[in-house]
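Welcome! Take a look at the picture, then read on.

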Amino acid sequence: MFKKFFSRLRKPPPHALYVENLNQLFTPAPEKLGIKKTNEHPNVWGVMTEFGVDGGYVTIMSLANGKTDMYFSSGNGILGAGDNSMVSIASAELVKTAER
C-alpha cells in the first residue's frame with residue numbers, strides 16, 4: 001500500500017540537457033553574462049524559480065538585464081523569453097523585488 005502511494009510522489013529524473021542548462025546557471029560570474037553591479041542591484045543579479053508541472057519540473061531564470069529563460073525537465077526550453085517586452089518587465093521587477 002505505501003509503495004504504491006510513494007511511487008506517485010516520485011517524479012521521473014530530469015533530462016540530461018535540463019541538468020546541463022541548470023549547471024550553466026550556477027557556474028558563471030554575472031560579468032560573464034553581461035551583468036554589472038549597480039546601485040539598483042548591488043547584491044542580486046538573478047532569480048531562479050522552480051516548480052513542478054505535470055510530473056516534471058520547470059525552471060525560470062530571470063536576470064537583472066531582463067534576460068529570461070525557461071527550462072523544462074524534458075530537455076526543452078524557451079531561451080530569450082525576455083525578448084518579449086512584458087516578460088522582460090516582469091523579470092526585471094522580480095529581480096528588483098528580490099533585491100529589496
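This chain has three helices and four strands, where helices (H or I, at least four residues) and strands (E, at least two) are DSSP runs, numbered from the N terminus. Starting at the N terminus, the order of the elements is α-α-β-β-β-β-α. You are looking at a predicted model, in which local features need pLDDT of at least 70 and side-chain atom pairs count only at pLDDT 80 or more, while totals for chains, interfaces and linings use all residues. Residues are numbered from 1 along each chain as its sequence is written, and side-chain values use heavy atoms, with hydrogens and water left out.

**The chain as a whole**

- Of the 100 residues in the chain, 28% are buried; buried means under 20% relative accessible area, exposed means over 50%, and partly exposed lies in between (1.4 Å probe, protein chains only).
- Among contacts (heavy atoms within 4.5 Å) with a separation of 6 or more, 46% are between residues 24 or more positions apart.

**Salt bridges**

- Side chains of opposite charge can pair when their charged atoms come close.
- A salt bridge here is a side-chain nitrogen of Lys or Arg within 4 Å of a carboxyl oxygen of Asp or Glu, and by this rule the count comes to three.
- K96 pairs with E40, with 3.6 Å between the closest N and O atoms.
- Because K96 sits in helix α3 (residues 85-99) and E40 in the loop between α2 and β1 (46-53), this pair ties together parts that are 56 residues apart in sequence.
- K96 also forms a salt bridge with E93, and here the closest N and O atoms are 3.5 Å apart.
- Both K96 and E93 belong to helix α3, three residues apart, which is about one turn of the helix.
- Together, E40, E93 and K96 are linked in a network of salt bridges.
- How exposed are the members of this network? K96 is partly exposed, with a relative accessible area of 28%; E40 is partly exposed at 46%; and E93 is partly exposed at 38%.

- K67 is found in the loop between β2 and β3, and its relative accessibility of 38% makes it partly exposed.
- D69, by contrast, is buried, with a relative accessible area of 7%.
- K67 and D69 form a salt bridge whose closest N and O atoms are 2.6 Å apart.
- Their side chains are also joined by a polar contact of 2.6 Å; a polar contact is a pair of N or O atoms within 3.5 Å, where within protein one must be able to donate a hydrogen and the other to accept it, and residues adjacent in sequence count only if both atoms are side-chain atoms.
- Setting aside neighbours within four places in sequence, K67 is in contact with M61, S62 and S91.
- K67 and V87 are 20 residues apart in sequence, and their C-alpha atoms are 8.9 Å apart in space.

**T59 in strand β2**

- T59 lies in strand β2 (residues 56-63).
- Is T59 buried or exposed? At 0% relative accessibility, T59 counts as buried.
- The side chains of T59 and E50 are joined by a polar contact of 2.8 Å.
- Not counting residues up to four places away in sequence, T59 touches Y18, L22, M48, T49, E50, D69, M70 and Y71.

**The largest pocket**

- The volume of the largest pocket is about 180 Å³.
- Of the 13 residues lining the largest pocket, L25, L33, K67, D69 and Y71 are the closest to its centre.
- The lining divides into eight nonpolar, three polar and two charged residues; Ala, Val, Leu, Ile, Met, Phe, Trp, Tyr, Cys and Pro count as nonpolar, Asp, Glu, Lys and Arg as charged, and the others, Gly among them, as polar.
- On a 1 Å grid over the protein atoms alone, a pocket is an open set of points where a 1.4 Å probe fits, with protein on both sides within 12 Å along at least five of seven lines, and lining residues have an atom within 4 Å of a point.
- Grid points are joined across faces, edges and corners, and a volume is the space filled by probe spheres set on the points.

**D54 in a loop**

- D54 is in the loop between β1 and β2, and at 80% relative accessibility D54 counts as exposed.
- The phi angle of D54 is near 45 degrees, a positive value in a residue other than glycine.
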